[in-house]
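Please keep the sequence and the 3D view open while reading.

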Amino acid sequence: MSKELKIVIVAGARPNFMKIAPLTSAIKKFNNSEGATSNGRSINPKNVIRYVFVHTGQHYDVEMSEAFFRELELPDPDVNLEVGSGTHAVQTANIILRFEEVCLREKPDLVVVVGDVNSTMACTLVACKLGIKVAHVEAGLRSFDRSMPEEINRVITDSLADLLFTPSEDADDNLLREGVPINKIKRVGNIMIDTLMGHLKEARLGRPYERYGFGEKRYAFVTLHRPSNVDSKDSLILIMEYLTRLSQKLGVIFPVHPRTRSRLVQFGLWNISNNSNGLILSEPLGYHDTIGLVDKARFVLTDSGGLQEETTFLNVPCLTLRPNTERPITITQGTNNLTSLDRLGQDIEDIMNGSNRKGIVPELWDGHTAERIIGILSELNFKNMELSWQ
Ligand code: UD1
């Protein structure tokens, strides 16, 4: 008898798309191997995973959303909640209201959420209250800093989710310490590395740094968008002064997130910075250009979560402008170092003098995370006909 697992997959913001793409591919492969079509809507398959792909619309600009669908060959969303921007309360509330309708209509067996954005937390809350099981991909990461909205999203999501797919041992330890039963925790590796490995060849072929007139290792790649760095005028002025000074000896490519751009304009820094030679402020870039630039950068300065992991995988020195990280393995095993505005000058100098350390690629960051996830889901459903991890 054929059995079907119906899941709703949620994505909302830019960093989610790289985590969803390998999942949809792995489902396609699973269904094909079971005799069904890619999204499970076919006749007489043995076992199928059918998915409804929901985009909450948390990110909506072409460069923040649509561009990634094309490059990562993501299927079009079946539903777009079009929530857009707002305060955390407004954005979260809108997602909750609109996602509940989707769950009531679709009646999935499982909702799959990824990462730590507002969409992740809001959709988890809705599903749980409706008695629908939730699986969280990239579970267990903790910065232990509740001033970051993402930390609150992580804690809430993990405390409610039924199945926690973790990227590394530290994540398992965090969950166990919080009292999560061990049978809910499945260490599957880093799903974003699946996407990175799948697209690296193409990203390298583009040699995007040449478009900016730089050679390999002749520039730094910068991304900064956290409220703690860019919402304060004083800290943004200091950051731009550092970058301007750095650009006198090394190229600087800085694709500017919409939040950062609006602060640069608001604080009167946009035109000054843009007129400085060697400092290139660009629109947000697509996936291939970003990876192509990171890969050949002298170093990366960032406050993004994903870039800390991508630089570790690519063995590129990374300075993370934050007092903490939820991804400590990028420091203990990879190429990442935390920095602050007080130390930034010295830390850059050290890298320029070649005193950065070599890292290793953490275990299970091997390109097969999505397959492991789909393997676990299919076994739970098809062998036991119920989600039996509780
Ligand atoms: C969100 C995530 C953050 C993630 C980041 C990646 C939360 C709490 N934060 O932060 O974890 O690292 O995405 O980009 O979920 N805007 C646009 N166009 C867009 C999207 C946003 O112009 O497509 C502007 C709006 O003015 C908005 C601001 O950027 O107010 C911030 O967007 P928002 O989604 O609230 O948070 P991010 O800073 O992007």
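Strand β4 (residues 110-114) and strand β5 pair in the parallel sense over five bridges, where two strands count as paired if DSSP finds at least two bridges between them. Helices (H or I, at least four residues) and strands (E, at least two) are DSSP runs, numbered from the N terminus. This is a predicted model, in which local features need pLDDT of at least 70 and side-chain atom pairs count only at pLDDT 80 or more, while totals for chains, interfaces and linings use all residues. Residues are numbered from 1 along each chain as its sequence is written, and side-chain values use heavy atoms, with hydrogens and water left out.

**Strand β5 and its neighbours**

- Strand β5 spans residues 133-137 and is mostly covered, since four of its five residues are buried; buried means under 20% relative accessible area, exposed means over 50%, and partly exposed lies in between, with a 1.4 Å probe and protein chains only.
- The chain crosses from β4 to β5 through helix α4 (residues 118-129), and this β-α-β crossover is right-handed, a term meaning that, with the strands pointing away from the viewer, the path from the first strand over the helix to the second runs clockwise.

- Strands of a sheet pair through backbone hydrogen bonds, either parallel or antiparallel.

**Lysine 6 in strand β1**

- Lysine 6 lies in β1 (residues 3-11) and, with a relative accessible area of 12%, lysine 6 is buried.
- A polar atom of the lysine 6 side chain lies 2.6 Å from the backbone oxygen of glutamate 106; a polar contact is a pair of N or O atoms within 3.5 Å, and within protein one must be able to donate a hydrogen and the other to accept it, while residues adjacent in sequence count only if both atoms are side-chain atoms.
- Leaving aside neighbours within four places in sequence, lysine 6 is in contact (heavy atoms within 4.5 Å) with Arg50, Val52, Glu106, Lys107, Pro108, Asp109 and Leu110.

**Helix α15**

- The buried residues of helix α15 (residues 344-352) are Leu344, Asp347, Ile348 and Ile351.
- Seen down the axis of α15, these buried residues fall within an arc of 100 degrees, so they line one face of the helix; the arc is that of the directions from the helix axis to the C-beta atoms.
- The buried residues of α15 pack against α9 (233-246), β11 (299-302), β12 (318-321) and β13 (336-339).
- Glycine 354 follows α15 and has a positive phi, near 80 degrees.

**Around the ligand**

- There are 18 residues around the ligand, of which Gln58, His59, Asp61, Asn118 and Glu150 come nearest; a residue is near a molecule if one of its heavy atoms lies within 4 Å of it.
- An oxygen atom of the ligand is 2.5 Å from an N or O atom in the side chain of glutamate 150, and a polar side-chain atom of histidine 225 lies 2.9 Å from an oxygen atom of the ligand.
- Tyrosine 60 has a backbone N or O atom that lies 2.9 Å from an oxygen atom of the ligand.

**Other single residues**

- Aspartate 172, in helix α6 (residues 169-177), counts as buried at 11% relative accessibility and touches Thr166, Ile185 and Arg187, not counting residues up to four places away in sequence.
- Lysine 217 is found in the loop between α7 (191-205) and β8 (219-223), and has a positive phi of about 65 degrees although it is not a glycine.
- Leucine 364, in the loop between α15 and α16 (369-384), has a positive phi of about 70 degrees although it is not a glycine.
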